[in-house]
Amino acid sequence: MATPQDQMAMVAELEMEMMSDMYRRMTNACQAKCVQTTYREGDLTKAEAVCLDRCVAKYLDVHDKLGKRLTSMSQQDEAALQKQAQ
């Protein structure tokens, strides 16, 4: 049986994996949307930088809203299960 410390470590590792995956997906999606595959300059253009900024902001906003919604649904399910147990 896993100790509470082991469980916390597993949760922390899972959270890091989830954040890494979200960051990778966001990077790939925003780069594909905003940055041309043929580079004309070494630096981002103003249009690319603005596009990336907006893309990242939207991605993080959706991620935050989805997380809150899933937490709410989980709490509702837990409350329903507790009510049924009584």
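**Packing of helices α1 and α2**

In this predicted model, helix α1 meets helix α2 through M19, M22, R25, M26, A29, C30, Q31, K33 and C34. Their partners in α2 are E48, C51, L52, C55, V56, Y59, L60 and H63. The residues of this contact divide into 12 nonpolar, 2 polar and 3 charged.

Two packed helices are described by the angle between their axes and the distance between the axes. Here the axes of α1 and α2 come within 9 Å. They cross at roughly 145 degrees, and the crossing is right-handed.

Helix α1 covers residues 4-34. At 1.5 Å a residue, its 31 residues should span 45 Å. The end C-alpha atoms are 44 Å apart, which agrees with that expectation. The buried residues of α1 are M22, M26, C30 and C34. An α-helix has 3.6 residues a turn, so residues three or four places apart point the same way. The buried residues of α1 pack against α2, which spans residues 46-85.

Y59 belongs to helix α2. Its relative accessible area is 26%, so Y59 counts as partly exposed. Y59 touches M22, R25, M26 and A29, leaving aside residues up to four places away in sequence. Y59 and M22 are 37 residues apart in sequence, yet their C-alpha atoms are 9.2 Å apart in space.

An unreviewed UniProt entry places the feature "domain: Tim10-like" at residues 10-71. Over residues 10-71 the chain is 82% helix and 0% strand. The end C-alpha atoms of that stretch are 19 Å apart.

Technical notes:
Residues are numbered from 1 along each chain as its sequence is written. This is a predicted model: local features need pLDDT of at least 70, side-chain atom pairs count only at pLDDT 80 or more; totals for chains, interfaces and linings use all residues. Side-chain values use heavy atoms; hydrogens and water are left out. Helices (H or I, at least four residues) and strands (E, at least two) are DSSP runs, numbered from the N terminus. The expected span of a helix is 1.5 Å times one less than its number of residues. Buried means under 20% relative accessible area, exposed over 50%, partly exposed in between (1.4 Å probe, protein chains only). Contact means heavy atoms within 4.5 Å. UniProt positions are given in the numbering used here, feature names are shortened, and annotations may be inferred rather than shown by experiment. Axes are lines fitted to C-alpha atoms, for helices over the stretch in contact, and angles run from 0 to 180 degrees between N-to-C directions. A crossing is left-handed if the near helix is turned anticlockwise from the far one by less than a right angle, and right-handed if clockwise. Ala, Val, Leu, Ile, Met, Phe, Trp, Tyr, Cys and Pro count as nonpolar, Asp, Glu, Lys and Arg as charged, and the others, Gly among them, as polar.
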